[in-house]
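Me: I'm opening this one up for the first time. Could you walk me through it piece by piece?

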Number of protein chains: 2
Amino acid sequence: MGGDLGPELPIRGALGALEKKQNLEIILLGPEERLKSQVAEIFGNGSPFLQRLHIEHAPETIGMDESPVEAVRRKKNATIMVGFDLVRHKKADGVISAGNSGATMAAAIRKLGRLKGVSRPGIASFFPTLKKPVMIMDIGANVDCRPKHLLQFAVMASSCSSILNTIDNPTIGLLSIGEEAGKGNALVKETHEILRAGSLNFYGNVEGRDVYKGDVDVIICDGFVGNVALKVSEGLADAAGQMLRAEITKTWRAKIGYLLIKKAFARFKQRVDYSEYGGAPLLGINGTGIICHGTSDALALENAVFVAADMIENKVNAAITQALTAYNA
Amino acid sequence: MGGDLGPELPIRGALGALEKKQNLEIILLGPEERLKSQVAEIFGNGSPFLQRLHIEHAPETIGMDESPVEAVRRKKNATIMVGFDLVRHKKADGVISAGNSGATMAAAIRKLGRLKGVSRPGIASFFPTLKKPVMIMDIGANVDCRPKHLLQFAVMASSCSSILNTIDNPTIGLLSIGEEAGKGNALVKETHEILRAGSLNFYGNVEGRDVYKGDVDVIICDGFVGNVALKVSEGLADAAGQMLRAEITKTWRAKIGYLLIKKAFARFKQRVDYSEYGGAPLLGINGTGIICHGTSDALALENAVFVAADMIENKVNAAITQALTAYNA
């Protein structure tokens, strides 16, 4: 049903994904009649892609403001519940949602359970940087963590980033308020010691100002801090854009300058746009789930399909389980 | 000694402040001979402002990477120690430092102690927003907090913001990962309940994406989260600037556009530049202290002087003590 913007964009995203990847089948989740008519509109009659597109009836949706735990308990026929049910019954390999992310996580855990050795599944997300994108985990699922949880995030994100970004042994940074080992809150200091003694490719602490430098492949933090970092970034980007627009429209000279510079702005926007990164994988669940931004456009949803396919084809979950077992041994 | 960039900029900042504010006297802290020769260079002979400029010899400095607690214990003659000593002996009213902020806080507490009723002094900082600047506290002094500490931050920042921004009853937001009362980590949920039941002008939770909207006057968070929010913002602004510059210099068309748009960029930069906000007040110490960014320019340091003067002349500390007493009653 496509988060804030309804089912049109997921359908367009599905069309894009089916066009580009031949071995893909997509199941749309939502009220059957509504999806059918919109599919007919967007795909047109006789589209060759229609044979790889299916619809699974799911009459309920979970709103953005609903309590995840309650909604998941009450709405058995919500799109996200039906989706993870398909995965549980091996009728689908993964689920993509641009809806309520807490409910998506809750539904995934309820329907699929956790991978062996995982205490708390979390959400990993790619951030654009000056170099290659960095994977940050957790960005909101676990607000109160113990060092054990952060260590598991490090193992999981390392396995996932290694596969999605084809990096041999990803470097892992620990988000803190100073680079030295002794800097940070109690959670971070303790986690730092354990990571330093462990077998992962631990880079050390990274500060907030290092997030966008791209010196590490993975950054680990608790879900409260990760969510603040993500949302502050979105808010700043949005506010800066508004302020800059206001200054530019003040004079004719600047307006003309803007016309000449517009393409550079567009390239810049594309470089930092989350649509290019294709959503945030749930890591630690016994299956594949991708959470997309509530305002995701068709491209973002299409890319989320490719991320999910990449994770499934390259067996990220098997890699995570193996890495956790090795790490614990 | 001026943080990363040496004493030249503080001296230029002092000159600017002395020019604009007639009832001001400034004491420079550092190695006497070095400061004397640099003052002569910048002020010139016979400057009328020289009679309101003094030098207090302080031969030691504390490096940015030194452990604050150790440095403060060992370096009795560091600029910052000498500065707060002057305040203790009523020879100065406040201290401004662009050096090691942990050491500045440690020196302030050691030399001046805390205000009555304050468990943990903290650092408040102004962030630019789409509307008026918002004061965020704490931005790094207290990494592990209990609800009691956040409540005291709320009382202190409210009193300070009320005076510095001349607002009657500042609205206070609590930084969390969702607007609803039940969203956040354990610390935030408990603090939310107490703030809601209390007498402050509590707005409710604000999310990271709301920080730059400017809907509240004050935002409260623990120092770990506040520091991450601040540094992530600085890092993003810096990275976005670099990426945008790289895109603009790719084509002649965009370069010409940039020439036309340059002034709009400059106005935008000025609007978000921390130099305009004049440093971050230490709140909760029995005296006045302002921490400036390590790379502060002369304007930032000049503005920090005005913030300190404003706090002293309008008795922020008396207001804080009174508000804490009233709140506790």
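What follows is a conversation about the two chains, their contact and some local details.

Reply: Gladly; please keep in mind that this is a predicted model, in which local features need pLDDT of at least 70 and side-chain atom pairs count only at pLDDT 80 or more, while totals for chains, interfaces and linings use all residues. Residues are numbered from 1 along each chain as its sequence is written, and chains are lettered from A and ligands numbered from 1 in the order in which they are written.

Me: Ok, how many residues does the contact take from chain A and from chain B?

Reply: The contact takes 50 residues from chain A and 50 residues from chain B, where two residues are in contact if their C-beta atoms, placed from the backbone, lie within 7 Å. On the side of chain A that touches chain B, helix H8 (223-248) and helix H9 (252-272) each supply at least two residues, and the largest share, 19 residues, comes from H8(A). Helices (H or I, at least four residues) and strands (E, at least two) are DSSP runs, numbered from the N terminus.

Me: And what kinds of residues are on that side of chain A?

Reply: They divide into 27 nonpolar, ten polar and 13 charged. Here Ala, Val, Leu, Ile, Met, Phe, Trp, Tyr, Cys and Pro count as nonpolar, Asp, Glu, Lys and Arg as charged, and the others, Gly among them, as polar.

Me: What rotation superposes chain A on chain B?

Reply: A rotation of 180° with 0.0 Å of shift along its axis does so, with an RMSD of 0.0 Å, and the two copies are thus related as by a two-fold rotation axis. The superposition is by least squares on the C-alpha atoms of residues with pLDDT of at least 70 in both copies. Of the residues of chain A, Gly257(A) comes closest to the rotation axis, with its C-alpha at 2.0 Å. The same surface serves both copies, since 100% of the contact residues of chain A recur in chain B.

Me: Switching topic, which domains does chain A have?

Reply: The assignment gives domain 1 (3-113) and domain 2 (120-277 + 315-329), with bounds that come from an automatic or database domain assignment. The C-alpha centres of these two domains of chain A lie 27 Å apart.

Me: Which residues of H1(B) are buried?

Reply: Among them are Leu9(B), Pro10(B), Ile11(B) and Leu18(B); a residue is buried if 20 or more other C-beta atoms lie within 10 Å of its own, exposed if 12 or fewer, and partly exposed in between, with C-beta atoms placed from the backbone. The buried residues of H1(B) pack against strand E1 (26-30), helix H2 (32-43), strand E2 (53-57) and helix H10 (298-313) of chain B.

Me: What about Pro10(A), is it buried or exposed?

Reply: Pro10(A), which is in helix H1 (residues 8-20) of chain A, is buried, with 30 other C-beta atoms within 10 Å. Leaving aside its neighbours within four places in sequence, Pro10(A) is in contact with Gly2(A), Leu28(A) and Leu301(A).

Me: How do E1(B) and E2(B) pair?

Reply: They pair in the parallel sense over five bridges, where two strands pair if DSSP finds at least two bridges between them. Gly30(B) stands opposite His57(B) in E2(B), and four of the five residues of E1(B) are buried. E3(B) is joined by four bridges to strand E10 (residues 288-291) of chain B, and these two run parallel. The bridge partner of Ser97(B) in E10(B) is Ile291(B).
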